[in-house]
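Take a look at the structure below.

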Amino acid sequence: DTVQRQHTSLEPLSQRRLRTLSTKSMVEANGTSTAAARALPAIVKAVPSGDTVLVMGADSSRGPPPEKLISLTGITAPRLANRSTDDSPWAWASRDFLRRLVIGKPVTFVIEAPASTVPGGPTGGPPREFGTVYFEGLPLQQHIVAAGWARLKGVALQDEVLAPIEAASKEEGRGVWNEASAASSVRSIKWAGSFDAAGLVAAFGRQPQEAIIEHVPSGSFLRALLLPGFEQVTLSLCGTQCPPLKRGEDGVEEAAPFAREARFFVESRLLHRSVQIALQGVDKNGTLLGTVLHEQGNISLELLRVGLARVADWSSQLSDNPKELREAERQGEGGRARP
């Protein structure tokens with residue numbers, strides 16, 4: 001609740017502060033007019049942290065487009081938790097501010113430092129690069145620092161635009177500068193495997209729960225974070241089965257026909273998006289079964305209608321809409337793909 005109230009109260013003030021500086025003066029003061037002119041268009045696919053975005057090409061007509069993992073130069077945001085370490089104070093709020101601001105939105109970007117040789121994440125994504133991403137005409141660094149969700153570092157500490165913005169945020173105690181509430185901003189995460197999955201289904205009674213999709217291993221297999229309790233869950237779409245993707249011991253991904261297309265179909269609609277999840281059961285391996293609803297509908301029905309999934313007979317009976325699933329599958333039988 002503390003994190004959510006802090007986030008909600010920031011946006012109007014941040015926008016007013018940005019409007020006090022003309023776009024022209026901000027860009028020229030940063031010396032970015034030339035860089036902005038050569039920026040490349042993209043869509044924000046994911047927001048791993050408060051200072052990093054994953055962007056992809058805007059044209060997906062020929063399959064999943066190329067991606068770049070970009071850490072924003074000149075700023076550093078608090079680090080999110082993993083199984084061995086807790087959140088840094090305000091890490092979740094920092095990431096959530098940026099996620100809500102740009103996920104799925106058109107941006108432009110400029111790479112300013114070469115890629116590292118280390119893949120961007122544990123699943124072998126693109127290597128991390130450093131640069132500037134422009135949203136609504138301004139560098140994302142300015143949006144983030146104005147809201148107080150990152151600190152300046154390196155030469156940016158003397159930047160004639162960013163430094164005054166940070167000073168104002170610090171003076172007002174906004175975002176990471178709100179030290180009085182820092183301790184309450186650290187999440188207590190219930191990691192998958194640390195709680196009874198069947199008990200979670202019983203507790204929620206099949207009622208849709210707010211959630212964020214954190215990872216999409218395959219088209220019908222997701223990892224999500226339930227809110228507001230921060231339960232990390234592994235979810236199989238109830239009544240739906242997409243072609244499988246497997247990663248060998250050597251790290252090389254093996255994909256069945258149309259498996260990557262199915263995963264991209266789901267990623268481009270759900271990854272790091274706010275959704276609702278209705279839990280409907282648990283399989284023999286302890287994996288939760290459920291339905292994911294997003295702003296455009298039911299992702300299971302969408303997959304079936306475009307021919308990127310089949311109905312899974314054994315789990316369809318646990319769903320609330322087995323007849324709809326069958327009808328959607330029939331609609332997709334003449335589609336572009338059959339798993």
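## Where helix 5 meets helix 6

In helix 5, Gln 141, Gln 142, Val 145, Ala 146 and Ala 147 meet Leu 162, Ile 165, Glu 166 and Ser 169 of helix 6. A contact here means heavy atoms within 4.5 Å. The residues of this contact split into five nonpolar, three polar and one charged. Ala, Val, Leu, Ile, Met, Phe, Trp, Tyr, Cys and Pro count as nonpolar; Asp, Glu, Lys and Arg count as charged; the others, Gly among them, count as polar.

Two packed helices are described by the angle between their axes and the distance between the axes. Helix 5 covers residues 140-147 and helix 6 covers residues 162-172; their axes come within 7 Å and cross at roughly 20°. Axes are lines fitted to C-alpha atoms, for helices over the stretch in contact, and angles run from 0 to 180 degrees between N-to-C directions. Helix 5 and helix 6 are therefore roughly parallel. The cut-offs are under 35 degrees for roughly parallel, over 145 for roughly antiparallel and 65 to 115 for roughly perpendicular, with the rest oblique.

## How the model was handled

This is a predicted model: local features need pLDDT of at least 70, side-chain atom pairs count only at pLDDT 80 or more, and totals for chains, interfaces and linings use all residues. Residues are numbered from 1 along each chain as its sequence is written, and side-chain values use heavy atoms, with hydrogens and water left out.

## An enclosed helix

Eight of the eight residues of helix 5 are buried, so helix 5 is largely enclosed by the rest of the structure. Buried means under 20% relative accessible area, exposed means over 50%, and partly exposed lies in between (1.4 Å probe, protein chains only). His 143 and Ile 144 are among the buried residues of helix 5. Gly 148 follows helix 5 and has a positive phi, near 85°.

## The whole protein

The protein has eleven helices and 18 strands. These are DSSP runs, numbered from the N terminus: helices are H or I with at least four residues, strands are E with at least two. Buried residues make up 50% of the 339 residues.

In soluble globular proteins, nonpolar side chains tend to be buried together. A nonpolar core is a set of buried Ala, Val, Leu, Ile, Met, Phe, Trp, Tyr and Cys residues joined through side-chain atoms within 4.5 Å. The largest one has 36 residues, and Leu 222, Ile 277, Leu 279, Val 292 and Leu 303 touch the most other members. Another core, of 35 residues, lies apart from it and includes Ala 77, Leu 98, Leu 162 and Val 176.

What does Val 292 touch, leaving aside its neighbours within four places in sequence? Its contacts include Leu 222, Leu 235, Leu 270 and Ile 277.

Most residues other than glycine have a negative phi, and most peptide bonds are trans. Glu 136 is not a glycine, yet its phi is positive, about 55°. Glu 136 sits in the loop between strand 6 (128-135) and strand 7 (138-139). At 61% relative accessibility, Glu 136 counts as exposed.

Phe 258 also has a positive phi, about 70°, although it is not a glycine. Its place is the loop between strand 14 (253-255) and helix 8 (259-270). With a relative accessible area of 33%, Phe 258 is partly exposed. Finally, a cis peptide bond joins Leu 227 and Pro 228, with omega about 5°. Pro 228 is in the loop between strand 10 (221-226) and strand 11.
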